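Let's take a walk through this model together, one part at a time. Keep the structure open beside you as you read.

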Amino acid sequence: MNGAAFIVISMVTLAAALAAAVLPNLMHAAFCLVLSLLGLASFFFLLGAEFVGLALVFIYIGAVAVLIVFTILLTRRDSKVHYGLNWSGVVIAFAVFGGLTWAILKTQSLSIVPPQARAITVKRIGETLMTGYVWPLQCVGLLLTAALIGALVLVMEEKK
Amino acid sequence: MSSALDQIFVHGKRWLLSWFADAPNWLIQITSSLISIFALLAVFLTLFALMSVLERKILARMQNRYGPNRVGPFGLFQPVADGIKMLIKEDIVPARADKIIHFLAPVVLAAVAILTLGVIPYGRNMTAFTIDGGILFFFAVGSATELAVFMAGWASNNKFSMLGAMRAIAQMFSYELPLIITVLPVVMVAGSLMPDKIVFAQGEYTLGIVPRWFVFTPWGAAAFILFFVSGLVESNRTPFDVPEGESEIVAGHMTEYSGFKYATFFLAEYLGMFAISGLAVTLFLGGWHAPLRALEFIPSYIWFFAKLSVLLFVYIWLRATLPRTRVDQMMNVAWKFMLPMAFTCVIAAAVWHYAGRGLRGWLWSLLVIVFVYSALSILLDTRRKFARRVYRFAE
C-alpha cells in the first residue's frame, strides 16, 4: 500500500513540477508549484514525519504560494508573451542535474541499510528545540520579530 | 446503559468493520476511512441544510418577519427546494475566464473545509482523523483557503472578483495571526497539539461544580473572545463580510459564479464556520465534556453539538444585529489590538501556570490581562475631541 502511494504521489509531484517549469502562463505555473509542494508534504506524511509535512503545507502553501501569486499579479502585465527557450538556462539545469546525480551515485550511504529511527513526534521536536537548539531557536525568533517590525515600519503612514 | 449510548457510533463502526475481518489490511484501512468520511459528510451536509433554513428563520424572527414558510411544515423543506433550484440553474462561465481554475476554486475551497472537520473530536473516541499535531493540521489545511479564494477571484477575470479576493486575502492573513496565537496558551497548558488530549485536559471539575474548561480562566476567556472574532473574520461572516460586500463589489470573488458552483461556495463557507466553531468548542468550551458531573449520563456527542449550536446561534445573532465594518478599521483592530492581546493571553497563561493554577494564578492572570487591556485602550484612543470630522477618502 505504501509502495503504491509512493508511486502515485511521486508521479503527481513530478508532473506538477514539470508543468510548473514549462507552462507558458505564469499563474498556472504557480498553481502547479503549489500542487508539487503538496506532493512533497504527502511524502513526509508517508514517512511518518507529520510535523515536517504540516509545516511544509503551512508555510509554503499557506504563505509562500500566496506571496508568489501576488508577486506575479502585481508585477507582470505581459503574462501572455512567449520568450522562447532560454538555452543557457537549459545548459545550467542539465549541469546541476548531472552534478547532483554524480554526487548521489558516488556516496556510499545508498548501500547502507538505514538504522531504525524512532518516530518523530511533535513532543520530541519540541523537546529538542527547547534543549539542544534553544540558541538557534531564539536567534530565529529575534530575526522574525525584527522582520515583522520592519514590515510594519515599511507600511506605516508618514506623518506630515 | 449510558456508556453504551455514548459509544454507540464507535461500536457501530466496529460492527461494520467486523464484516471485513478476513479482508487484507489495506482494505480494512480504506473502509474505515470511508466510513468516517461518509459519517462526517452526512452529519455536516445535513447540518448545512438545516442551518441554511434556520439562519433565515432566526434572522427573520429578529427582524420581525416570517422568513421562509412555504415549503413543507414551517418552511423546513426550503433547503431541498434551494438545492433543486441551484442544480437546474444555468452554469455560466465567462468567456475570458480561466476555465480550469474557475472550476477548481470552489472544489478546493469545499475540500479544505471538509478536511479541517476531520480532526475535531465530536465525542468520546469520536475523532475521525487522530493525528499527533491535529491543531497544526487544522491551520495548515485551513491556510489553503486563501489560495482557493484567490483562484476564484483571479480566474473569473472580473475586477469585482479580483477586488473581493484581495480583500479576502488581506483580512484572512491579518486575522490568522491572532487566531493561531490565541490557540498557543491552550496548547501550552494542555501540553499537546492533539485535540483529544486538549479536551481530556478540561475534563475535571473544581470543587465538583465548576468544570475546568479553559474559558473559565481569565486568559481562556480573553483568548476565546479573540478566537471567536478571528473565526468570524476567517469564515467571512457579518460583520466582517467585507470580501463579498454586495453594496460595493457585487459579490466579491463569487461574482462570476452561478448555479451549483455558487452553492459550493456557500457550502464551503458554512462548513468552515462549523469547523472553526467546533475548534473553539474543543479548545475553550471543554469539547464533549458535560458542564456538570450530574449531567454526564447524556452522551458526549450531544454535549458537543449543543455547544456547537450555541456558537452557531451567536453567529446568526451577530449577523442580524451588526452592520458591516470598514476595511481599514478592521485591519487596524487586527494589528493594533487583537495581536497584542493574543500575545498577552500567552503571557497570562504562563503566569497562571507558574502561580499554581489555583485562585492565586487566576487573579494574577486577570491582573495581567486587565493591565494590558487598559493600556491598549488608552494608547489606541485616537478620538479627537471637538474637532471637525475629516474624511480621508471622500471629500
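**A guided tour of chains A and B**

Chain A falls into two domains: domain 1 spans 2-81, and domain 2 covers 121-160. Bear in mind as you look around that this is a predicted model. If you take the centres of these two domains of chain A over their C-alpha atoms, you will find them 25 Å apart.

Two packed helices are described by the angle between their axes and the distance between the axes. For H2(A) and H3(A), the angle is about 175° and the axes lie 8 Å apart. An angle over 145 degrees counts as roughly antiparallel, so that is how H2(A) and H3(A) run relative to each other. On the H2(A) side, the contact is made by A:Leu26, A:Met27, A:Ala30, A:Val34, A:Leu37, A:Leu38, A:Leu40, A:Ala41, A:Phe44 and A:Phe45. H3(A) answers with a set of residues including A:Leu56, A:Val57, A:Tyr60, A:Ile61, A:Ile68 and A:Ile72. Sorted by class, the residues of this contact comprise 19 nonpolar, one polar and one charged.

Now look at A:Leu18, which sits in helix H1 (residues 2-22) of chain A. Is A:Leu18 buried or exposed? A residue with 12 or fewer C-beta neighbours within 10 Å is classed as exposed, and A:Leu18 has 12 of them, so it counts as exposed.

Next comes the place where the two chains meet. Chain A brings 16 residues to the contact and chain B brings 18. On the chain A side, the elements that give two or more residues are helix H2 (26-46) and helix H3 (50-75). Of the elements on that side, H3(A) gives the most, with ten residues. The side of chain A that touches chain B is made up of 13 nonpolar, two polar and one charged residues.

Finally, let's turn to the largest nonpolar core, which holds 116 residues. Those touching the most other members are B:Leu109, B:Ala148, B:Met151 and B:Leu271. Helix H12 (residues 259-284) of chain B supplies the largest share of this core, with 15 residues. To see how one of these residues is placed, pick out B:Leu109: leaving aside residues up to four places away in sequence, B:Leu109 touches B:Thr145, B:Ala148, B:Val149, B:Phe265 and B:Ala268.

Note on methods
Residues numbered from 1 in each chain as written. Chains lettered and ligands numbered in written order. Predicted model: local features only at pLDDT ≥ 70, side-chain atom pairs only at ≥ 80, totals over all residues. Domains from an automatic or database assignment. Core = buried A, V, L, I, M, F, W, Y, C linked by C-beta atoms within 7 Å. Buried ≥ 20, exposed ≤ 12 C-beta atoms within 10 Å, placed from the backbone. Helix = DSSP H or I, 4+ residues; strand = E, 2+ residues; numbered from the N terminus. Contact = placed C-beta atoms within 7 Å. Nonpolar A, V, L, I, M, F, W, Y, C, P; charged D, E, K, R; others polar. Axes fitted to C-alpha atoms, helices over the stretch in contact; angles between N-to-C directions. Parallel < 35°, antiparallel > 145°, perpendicular 65-115°, else oblique.
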